[in-house]
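Before reading on, please take a moment with the sequence and the fold that follow. The explanation then goes from the overall layout to single residues.

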Amino acid sequence: MRDPQADIGRRAWVACPRCADHAGCAPCHDGRSCETHWRFLLAAEARRIFVQCPGCWYRWWHDTEFGAGDRPADVDQVPAFPDHGGAAA
Ligand SMILES: [Zn+2]
Ligand SMILES: [Zn+2]
């Protein structure tokens with residue numbers, strides 16, 4: 001069933017894990033905005049988006065792995081400064 005939040009004006013280009021209808025599609029393979037294989041964008045939360053496939057009506061959270069607030073996992077690590085221990089004096 002189509003989600004009431006589904007809006008043709010809000011679309012996302014991610015592969016549907018259920019019907020995998022993008023398989024063998026050239027535009028999808030190239031990462032372009034395919035005219036056939038898009039999903040309804042229902043919601044977005046940080047780097048995750050809630051999408052619905054118009055082909056099988058499956059809904060799922062998709063991790064975009066980028067986006068607002070996203071940081072690489074190791075970016076917060078404190079650099080290891082060499083310990084001089086006062087030996088320079
Ligand atoms: Zn699907
Ligand atoms: Zn496609």
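Two residues are in contact if their C-beta atoms, placed from the backbone, lie within 7 Å. The coordinates are a predicted model, in which local features need pLDDT of at least 70 and side-chain atom pairs count only at pLDDT 80 or more, whereas totals for chains, interfaces and linings use all residues. Residues are numbered from 1 along each chain as its sequence is written, while chains are lettered from A and ligands numbered from 1 in the order in which they are written.

The secondary structure comes to 1 helix and 4 strands, where helices (H or I, at least four residues) and strands (E, at least two) are DSSP runs, numbered from the N terminus. Read from the N terminus on, these elements follow the order β-α-β-β-β. Among contacts between residues at least 6 apart in sequence, 44% join residues at least 24 apart.

The strands form an open sheet of 4 strands, with the order β1-β2-β3-β4 and antiparallel pairing; two strands pair if DSSP finds at least two bridges between them. At the edges stand β1 (11-12) and β4 (59-63), each with a single partner strand, so one side of each is left without a neighbour in the sheet. Strands of a sheet pair through backbone hydrogen bonds, either parallel or antiparallel.

Going across the sheet, β1 is joined by 2 bridges to strand β2 (residues 39-45), and the two run antiparallel; here Arg-11 stands opposite Phe-40 in β2. Strand β2 is in turn joined to β3 by 5 bridges, again antiparallel, with Ala-44 opposite Ile-49 in β3. Finally, 5 bridges join β3 (residues 48-52) to β4 in an antiparallel arrangement, and the bridge partner of Ile-49 in β4 is His-62.

Most residues other than glycine have a negative phi, and most peptide bonds are trans.

Of the 89 residues of the protein, 11% count as buried.

Phe-50, which is found in strand β3, is partly exposed, with 18 other C-beta atoms within 10 Å. Not counting residues up to four places away in sequence, Phe-50 touches Leu-42, Ala-43, Arg-59 and Trp-61. Phe-50 and His-62 are 12 residues apart in sequence, and their C-alpha atoms are 6.2 Å apart in space.

Asp-3 lies in the segment before β1 and is partly exposed, with 14 other C-beta atoms within 10 Å. Leaving aside its neighbours within four places in sequence, Asp-3 is in contact with Phe-40, Leu-42, Gln-52 and Arg-59. The C-alpha atoms of Asp-3 and Cys-53, 50 residues apart along the chain, are separated by 10.0 Å.

Note on methods
Buried ≥ 20, exposed ≤ 12 C-beta atoms within 10 Å, placed from the backbone.
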